Amino acid sequence: RLHGADLSDDQWDDVMRRIRSGTASKRRAERRCKNGRIVTVDITNTPLFDTNAQLYAELTVARDVSELDRVERSLMDARADLETKLDQLQATNTNLEREVQERREMEAALQSANVELKEMVNDLKWFNHESAVFSEMAEILQACRNFDEAFAAISEYGQRLLPDAAGHFFVFRDSRDALEHAACWGEDLTSDRMIAPDSCWALRRGQVHHIGHRSRLRCSHVSPESIGSVCLPIIGQGQTLGLLHVATD
């Protein structure tokens, strides 16, 4: 979770002007988490409009790319260093054997760097794909006319974002004494379509709950045969609205 107290008054003014303009934006910035750790994030802002085309909110998705950013800088530094050493090697011709040996070592290092760079490019491609899907999902949800369309959109985009997992989305009933199954992707729900709020550790704790194969803190609504899963409480406007359960190995 990010901490917004580091922003100056001028930065907050810029944020409010951008929100009021009703325009979408993407940027990369450094932010401080509530635990004090500084992270690099890609921030995507999507304005939300009501049926009268009036701006009423903004959806912000902050993606932690600290590791990708660090790897990218390391690869660039490593490649620059390798190119410098290669230039020095080409300018030195006093010892042929040493030059040949160093050239081979440099070529091996460059090959290793190229492999890492290709992996980095693949990671960045997947990250861009995820960002595009998140933005598209936000637009689709904004255009939904009713809950059935919204739940169908959640199933569709959940499958695209997590194709190798099974996801189930539950929402609180008006009485808030139980949650009803509303949407899913992957495998069909094998347990009850209605769960009690106290049957899930994530709802009781108000935060993400990971369940391993041998975990003893297994939610009662999770199948005993489940290898691993994650429960995420869905929170909006200060209250818990529902639950997303993702099962995967």
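1. Let's start with the aromatic pairs: this predicted model holds two of them. One joins F147 and F151, whose rings are stacked, with 6.0 Å from centre to centre and 15° between the planes.

2. Where do F147 and F151 lie? Both belong to helix α4 (residues 147–161), and they are four residues apart, about one turn of the helix. Their surroundings are worth a look, too. F147 counts as exposed, at 65% relative accessibility, whereas F151 counts as buried, at 15%.

3. F151 also pairs with F169; here the rings are tilted, at 6.0 Å centre to centre and 55° between the planes. Because F151 sits in helix α4 and F169 in strand β5 (residues 166–172), this pair ties together parts that are 18 residues apart in sequence. F169 is buried, with a relative accessible area of 11%.

4. Taken together, the ring pairs link F147, F151 and F169 into a cluster. If you have the structure open, F151 is a handy place to begin, as it takes part in the stacked pair with F147 and in the tilted pair with F169.

5. R176 is placed over the face of F172, 4.1 Å from the ring centre. R204 is placed over the face of W201, 4.2 Å from the ring centre.

6. Finally, a word on T46, which is found in strand β3 (residues 38–49). Is T46 buried or exposed? Its relative accessible area is 11%, so T46 counts as buried. Leaving aside residues up to four places away in sequence, T46 touches E58, L59 and A138.

Notes: Residues are numbered from 1 along each chain as its sequence is written. This is a predicted model: local features need pLDDT of at least 70, side-chain atom pairs count only at pLDDT 80 or more; totals for chains, interfaces and linings use all residues. Side-chain values use heavy atoms; hydrogens and water are left out. Helices (H or I, at least four residues) and strands (E, at least two) are DSSP runs, numbered from the N terminus. Buried means under 20% relative accessible area, exposed over 50%, partly exposed in between (1.4 Å probe, protein chains only). Contact means heavy atoms within 4.5 Å. Rings of Phe, Tyr and Trp (its six-membered ring) pair if their centres lie within 6.5 Å; planes under 30 degrees apart count as stacked, over 60 as edge-to-face and the rest as tilted. A charge sits over a ring if NZ of Lys or CZ of Arg is within 6 Å of the ring centre and within 35 degrees of the ring normal.
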